[in-house]
Amino acid sequence: MTVPQLAESAGSAGPRTAVLSASNLVKTFGRVVGLDGVSLELYPGEVLAIIGDNGAGKSTLIKCLTGAEVPDKGEIFLDGNPVSFKRPQDARAAGIETVYQNLAVSSALDVASNLFLGRELRKKGILGSVFRMMDTKRMREAARQSLTDLGISTLQDVTVPVENLSGGQRQAVAVARAAAFGSKVVVLDEPTAALGVRESNQVLELIRALRDKGTPVILISHNMPHVFDVADRIHIQRLGKRAATITPQSHSMTDAVAIMTGAKTE
């Protein structure tokens, strides 16, 4: 099956290949249609926002792309090669990390332990292989470096339990974990939901930092000002289909809402 994964980039010498793309994804739940032939393209070093009304298929699309759901039809490509994710671990192994709205951080553990949750580093030699002792020092050093690379200045002490952090700082920990292990794609599901203005701005800065590092980001959000602030392109879902893909330069927030609601078509 041919997928639309090549596109001419403005000012570039030629076409570029999508890091992650989907072609004609279909997913049904009994008689309920979650996805009805949806295609998507995510290119290197860009933020692709996915917006849509409740029930538009945003969550189903993301679940299919990250292995939480298996599409009934259609194909998914990573770097132009077809992939089949049967579970979230398959997507993570391929370099796709997802930060869900509930963050999935462990409040009792410190920042460094949360960054390496499920991927703990063990000490070298017999202490690690036989006695399975964790290398806490190395994990804390790596955690500090990851936070520094993302420009996160609000988390100076990686030994602090996450339960003592603010909502924005917890989101920063979850994003930093995704960035540290998401070698291909980072997916953020409503990262600014339930955050104040200052903390939301910190998260938006993290998204820009990921993009500046060359990591493509998929952002799912209901907050239109945030979407138009950081997104390079905007994928609009409506009634299980892709209604349009626009840019903040080509369309206004009013246009985007009109397409979402069906008042305007592209």
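Me: How far apart are the closest N and O atoms in the salt bridge that Asp72 forms with Lys27?

Reply: Happy to start there, and do keep in mind that this is a predicted model. Asp72 sits in the loop between α1 and β6 while Lys27 belongs to strand β3, so the pair ties together parts of the chain that are 45 residues apart in sequence. A salt bridge here needs a side-chain nitrogen within 4 Å of a carboxyl oxygen. For Asp72 and Lys27, the closest N and O atoms are apart by 3.8 Å.

Me: Is Lys27 buried or exposed by its relative accessibility?

Reply: The cut-off for buried is under 20% relative accessible area. Lys27 has 10% relative accessibility, so Lys27 counts as buried.

Me: Which residues are joined with Lys27 into one network?

Reply: Besides the bridge to Asp72, Lys27 forms a salt bridge with Glu69, with 3.8 Å between the closest N and O atoms. Glu69 is partly exposed at 22%, and Asp72 is partly exposed at 43%. Through shared partners, the residues joined with Lys27 into one network are Glu69 and Asp72.

Me: How many residues apart in sequence are the parts that Glu41 and Arg242 tie together?

Reply: Glu41 forms a salt bridge with Arg242, and their closest N and O atoms are 3.1 Å apart. Glu41 is buried, with a relative accessible area of 9%, whereas Arg242 is partly exposed at 29%. Glu41 lies in strand β4 and Arg242 in strand β12, so the separation in sequence between the parts they tie together is 201 residues.

Me: How many of the residues of helix α1 are buried?

Reply: Helix α1 covers residues 58-65 and is mostly covered. Its buried residues are Lys58, Thr60, Leu61, Ile62, Cys64 and Leu65.

Me: Which element gives the most residues to the lining of the largest pocket?

Reply: The largest pocket has a volume of about 290 Å³. Among its 16 lining residues, Arg92, Glu97, Thr98, Tyr100 and Arg177 are the closest to its centre. Elements that give two or more residues to this lining are α2, β8 and α6. With four residues, the one that gives the most is β8.

Me: How many residues in the lining of the largest pocket are nonpolar?

Reply: Sorting the lining of the largest pocket by class gives two polar and four charged residues. The rest of that lining is nonpolar, and the nonpolar count is 10.

Me: Which element gives the most to the lining of the second largest pocket?

Reply: The second largest pocket has a volume of about 180 Å³. Its lining includes Leu150, Ile152, Gln169 and Glu205, and by class it has five nonpolar, six polar and one charged residues. Two or more residues come from each of α6 and α7. With four residues, the element that gives the most is α7.

Me: What is the area of the nonpolar surface patch that includes Leu127?

Reply: Leu127 has its place in helix α4. A residue needs over 30% relative accessible area to be part of a patch, and Leu127 is partly exposed at 36%. Together with Ile126, Val130, Phe131 and Met133, Leu127 makes a nonpolar surface patch of about 480 Å².

How values were computed
Residues numbered from 1 in each chain as written. Predicted model: local features only at pLDDT ≥ 70, side-chain atom pairs only at ≥ 80, totals over all residues. Heavy atoms only, no water. 1 Å grid on protein atoms, 1.4 Å probe; cavity = no way out; pocket = protein on both sides within 12 Å on 5 of 7 lines; lining within 4 Å. Points joined across faces, edges and corners; volume = space filled by probe spheres on them. Nonpolar A, V, L, I, M, F, W, Y, C, P; charged D, E, K, R; others polar. Patch = residues over 30% accessible without salt bridge, like charges linked within 9 Å, V, L, I, M, F, W, Y side chains within 5 Å. Areas by Shrake-Rupley, 256 points an atom, 1.4 Å probe, with all protein chains shown as cover. Buried < 20%, exposed > 50% of the residue type's maximum accessible area, 1.4 Å probe, protein only.
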